[in-house]
Amino acid sequence: MRAARCEVYGGPADIVVRDIEAPEAGPGTVLVDVAAAAVNFPDLLFIADRYQVSVPLPFTPGSEFAGRVAALGEGVEGFEIGDRVHGSVTTGAMAEQVVAPAASVSRVPEGLTMAEAASFRVSYLTAYHSLVTAGELEPDQWVVVLGAAGGVGAACVDLAVRLGAQVIAVASSPERLEVCRGLGARAGIDYSREDLKQRIKEITGEGAHLVVDPVGDRWSEPALRATRWGGRFVTIGFAGGIPSIPLNLVLLKNITVRGVELRTWTQRLPEETARAREHLAELVAQGMRPYVSEVHPLEKVGDALQRVADRVHTGKIVVRMSEEDER
Ligand SMILES: NC(=O)c1ccc[n+]([C@@H]2O[C@H](COP(=O)([O-])OP(=O)(O)OC[C@H]3O[C@@H](n4cnc5c(N)ncnc54)[C@H](OP(=O)(O)O)[C@@H]3O)[C@@H](O)[C@H]2O)c1
């Protein structure tokens, strides 16, 4: 089978595409013919050997995929050969076939293309737990989404708008904010030029009810300072770096700060996660789709990774393994 390969640690330009032996489904796993794989920020960390854990060379990058079930390992129930599924792995998704634990694979909600299905599972479940399970978002409340034009950010904007909230998107250029307006954001703040705290207060009056933060860095503190009394601040990632913030800000305004880390939430909160998946599938049935901005063929996987490394992409970038993209 054809597969993207990391043979030396480095950058996107070092990734090659090779013919390698196809994997086989072992006990408890599912073999999937991959149609599409989404690019995620950690893919860049794995190929550079800068992730918390090292993946030994050579390996196939890619952590999110969609495709059809090709074989079931011993003991796996609930799937049929040919089922449209999407799932996550640590690495291995940017290939014509991948093996994943059955628990990390689920059926694609009716209505999503393969490219959309590959982009949906992690970003929308993270967005759901951040906004609803942890964020306790109510209709008409003001929610501020940092990094709003990125993969998880765009999912948060889209979902929050559909849940009836008033969304303030925060991104680093007018063009990126335009993408967020297209998703239904009520207002936009360019944090590369504007005063984040002041603008949130101007727009909301008393401050945000909820902040969802996948960026961190020097932006978390002004966003926390612009959260209203009794508001919520949900931290989900550090695309810009890990901030340190004085705890008195939390005390003074009785703010609830929560973290959401999808992998452990899914393991430890199965009921909440099942509810989230059900609600997300209903919203997909009503027309909700992840924002896929670019689709690259497998042979151009280096370009796809480079776009994310250069921070020029919006929404999700997908690598396509097959032409299948029927609805
Ligand atoms: N908690 C979870 O379970 C979970 C799940 C998925 C992802 N995440 C994390 O959430 C973060 C965002 O993921 P994503 O998939 O949305 O990534 P992404 O598509 O690359 O988006 C990240 C956004 O952050 C902004 N940003 C600000 N400073 C940055 C910097 N120094 N480098 C790169 N981007 C920067 C960029 O927007 P602007 O240029 O507009 O500022 C970018 O669009 C990552 O840290 C990821 O690991 C967490």
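The model is predicted. R121 sits in helix α2, and R228 sits in strand β12. The largest nonpolar core has 50 residues, and a second, separate core has 34 residues.

**R121**
- Helix α2, which holds R121, spans residues 114-134.
- R121 is buried but forms no salt bridge; E64, the nearest side chain of opposite charge, is 6.9 Å away.
- The R121 side chain reaches the backbone oxygen of S104 at 3.3 Å.
- Leaving aside residues up to four places away in sequence, R121 touches several residues, among them E64, H86, S104 and R277.

**R228**
- Strand β12, where R228 is placed, covers residues 227-235.
- R228 has a relative accessible area of 13%, so R228 counts as buried, the limit being under 20%.
- Although 21 residues separate R228 and G207 in sequence, their C-alpha atoms are 4.4 Å apart.
- A polar atom of the R228 side chain lies 2.8 Å from the backbone oxygen of G207.
- Beyond residues up to four places away in sequence, the contacts of R228 include W142, E206, G207, H209 and K253.

**Nonpolar cores**
- In the largest core, the residues with the most contacts inside it are L131, V143, V157, L159, L280 and M288.
- Helix α2 gives the largest share of this core, eleven residues.
- Domain 1 (2-112 + 291-320) and domain 2 (122-264) each supply at least three residues to this core.
- L280 touches F120, Y124, L125, Y128, L159 and M288, not counting residues up to four places away in sequence.
- The second core includes V39, F59, M94 and V308.

Key: Residues numbered from 1 in each chain as written. Predicted model: local features only at pLDDT ≥ 70, side-chain atom pairs only at ≥ 80, totals over all residues. Heavy atoms only, no water. Helix = DSSP H or I, 4+ residues; strand = E, 2+ residues; numbered from the N terminus. Buried < 20%, exposed > 50% of the residue type's maximum accessible area, 1.4 Å probe, protein only. Lys, Arg positive; Asp, Glu negative; His and termini not counted. Salt bridge = Lys/Arg side-chain N within 4 Å of Asp/Glu carboxyl O. Polar contact = N/O pair within 3.5 Å; in protein donor to acceptor, adjacent residues only side chain to side chain. Contact = heavy atoms within 4.5 Å. Core = buried A, V, L, I, M, F, W, Y, C linked by side-chain atoms within 4.5 Å. Domains from an automatic or database assignment.
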